Amino acid sequence: MPRSSLSPIPSNLPDVAERRALQLLVVDDDATQRSLITVAARQAGHEVAVAPSVAEAIEKLRAARFDCVTLDLVLEDGDGIDVLREMAAAKFSGSVIVISGMDGKRRSAARNFARSVGIELQSLPKPLDLAALRISLANLGKTAMGLPTIHTWGGVATDAIVERHRA
């Protein structure tokens, strides 16, 4: 596709400086995964806290407010569902992105449990696609500001391209 046929992001959208930084809690017992998620989120301008265990995640959730939690389902000291239960008890109002190597059935069960207790949950498989994570976080940041979500890839508004293909 020639570059000229791609639609640039409309100039009436807020730039990075005008976007709201999310307060993000990364819950994963794998140091490499925590680091990847943390670096990607910080590069996107978000504030990040980390928790390598269920116990530490629960402690941090009780001590601070988070807009979003990335959550592994299998942790050394328990299950990500334990963290979701604590979030429900605390009336957590943010979003959750499950990032897990578990099969789709287990991620789906976590999503159904989260919905049953009023928590909005997305799911990304491992190995983690950092572009998908960045898009999810960007959309959550826009939603937090009351803006519509527009999926972007490399500075191109993909919604306009999709609409052209639907026509």
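Select T70 to start: T70 lies in strand 3. Helices (H or I, at least four residues) and strands (E, at least two) are DSSP runs, numbered from the N terminus. This is a predicted model, where local features need pLDDT of at least 70, side-chain atom pairs count only at pLDDT 80 or more, and totals for chains, interfaces and linings use all residues. Residues are numbered from 1 along each chain as its sequence is written, and side-chain values use heavy atoms, with hydrogens and water left out.

Is T70 buried or exposed? T70 is buried, at a relative accessible area of 1%. Buried means under 20% relative accessible area, exposed over 50%, partly exposed in between (1.4 Å probe, protein chains only). Now show its contacts (heavy atoms within 4.5 Å). Not counting residues up to four places away in sequence, T70 touches L24, L25, V26, V27, I37, I97, I99 and L133.

**Next: L25 and the cores**

Move to L25. Leaving aside neighbours within four places in sequence, L25 is in contact with A49, V50, A51, A57, K60, L61, F66, C68, V69 and T70. A second, separate core of 15 residues includes V26, I37, I99 and L140. A nonpolar core is a set of buried Ala, Val, Leu, Ile, Met, Phe, Trp, Tyr and Cys residues joined through side-chain atoms within 4.5 Å.

Now colour the largest nonpolar core, which has 25 residues. L25, V27, L61, V69, L84, M87 and V96 touch the most other members. Suppliers of at least two residues each include strand 1 (23-27), strand 2 (47-51), helix 2 (54-63) and strand 3 (68-71). Helix 3 (80-89), strand 6 (95-100) and helix 4 (104-116) also each supply at least two. Which element gives the most to this core? Helix 3 does, with five residues.

**Next: helix 4**

Select residues 104-116. Helix 4 has 13 residues and reaches 18 Å from its first C-alpha to its last. That is close to the 18 Å expected at 1.5 Å a residue; the expected span is 1.5 Å times one less than the number of residues.

Pick out R107, A110 and A114, the buried residues of helix 4. They cover an arc of only 55° around the axis, so they sit on the same side of helix 4. The arc is that of the directions from the helix axis to the C-beta atoms. Their cover includes helix 3, strand 6 and strand 7 (120-125). Turn to the face away from the buried side: here are the exposed residues K105, R115 and S116.

The charged end of R85 sits over the ring of F113, 5.5 Å from its centre. The criterion is NZ of Lys or CZ of Arg within 6 Å of the ring centre and within 35 degrees of the ring normal.

**Next: backbone stops**

Most residues other than glycine have a negative phi, and most peptide bonds are trans. Go to K91, in the loop between helix 3 and strand 6. K91 is not a glycine, yet has a positive phi of about 60°. K91 is exposed, with a relative accessible area of 69%.

Then find P127 in the loop between strand 7 and helix 5. A cis peptide bond joins K126 and P127, with omega about 5°.

**Last: A138**

A138 is found in helix 5 (residues 130-144). A138 is partly exposed, at 28% relative accessible area. Draw a C-alpha to C-alpha distance to R20: 9.5 Å in space, 118 residues apart in sequence.

Zoom out. The protein has six helices and nine strands, and 40% of its 167 residues count as buried.
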